[in-house]
Amino acid sequence: ELIPQGANIGIVTSDFHMFRAYAIAKKEGYHNITGIPASSESFLMINNLAREFLAVCKDYIIGNI
């Protein structure tokens, strides 16, 4: 176990990816989670959100979230 249960966790990732990263951490049993989102280019947001939607669906189907 790399991170002890009960530790404060900071997840640093892209803003559009934060929901999935948070959900995966919760599924792994971590509860003290803080999201630290990095801004994405606004002109890429539609593409990023469409791709992330499909990734969330995939992770839900295979049981990651």
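## A surface patch

Together, Tyr 60, Ile 61 and Ile 62 make up a nonpolar patch on the surface, with about 400 Å² of accessible area. The model described here is a predicted one.

One member of this patch, Ile 62, belongs to helix α2, which covers residues 45-62. Ile 62 counts as exposed because its relative accessibility is 54%, and exposed means over 50%.

## Glu 52 in helix α2

Helix α2 also holds Glu 52. Is Glu 52 buried or exposed? Its relative accessible area is 5%, so Glu 52 is buried; the cut-off for buried is under 20%.

Which residues does Glu 52 touch, leaving aside its neighbours within four places in sequence? The contacts of Glu 52 are then Phe 16, His 17 and Arg 20. With His 17 there is also a polar contact, made between the two side chains at 3.1 Å.

## The largest nonpolar core

Seven residues form the largest nonpolar core: Ile 9, Ile 11, Met 18, Ala 21, Ala 25, Tyr 30 and Ile 33. The largest share comes from α1, with three residues.

Ala 25 is one of the core residues. When neighbours within four places in sequence are left aside, Ala 25 is in contact with Ile 11, Tyr 30 and Ile 33.

Notes:
Residues numbered from 1 in each chain as written. Predicted model: local features only at pLDDT ≥ 70, side-chain atom pairs only at ≥ 80, totals over all residues. Heavy atoms only, no water. Patch = residues over 30% accessible without salt bridge, like charges linked within 9 Å, V, L, I, M, F, W, Y side chains within 5 Å. Areas by Shrake-Rupley, 256 points an atom, 1.4 Å probe, with all protein chains shown as cover. Salt bridge = Lys/Arg side-chain N within 4 Å of Asp/Glu carboxyl O. Helix = DSSP H or I, 4+ residues; strand = E, 2+ residues; numbered from the N terminus. Buried < 20%, exposed > 50% of the residue type's maximum accessible area, 1.4 Å probe, protein only. Polar contact = N/O pair within 3.5 Å; in protein donor to acceptor, adjacent residues only side chain to side chain. Contact = heavy atoms within 4.5 Å. Core = buried A, V, L, I, M, F, W, Y, C linked by side-chain atoms within 4.5 Å.
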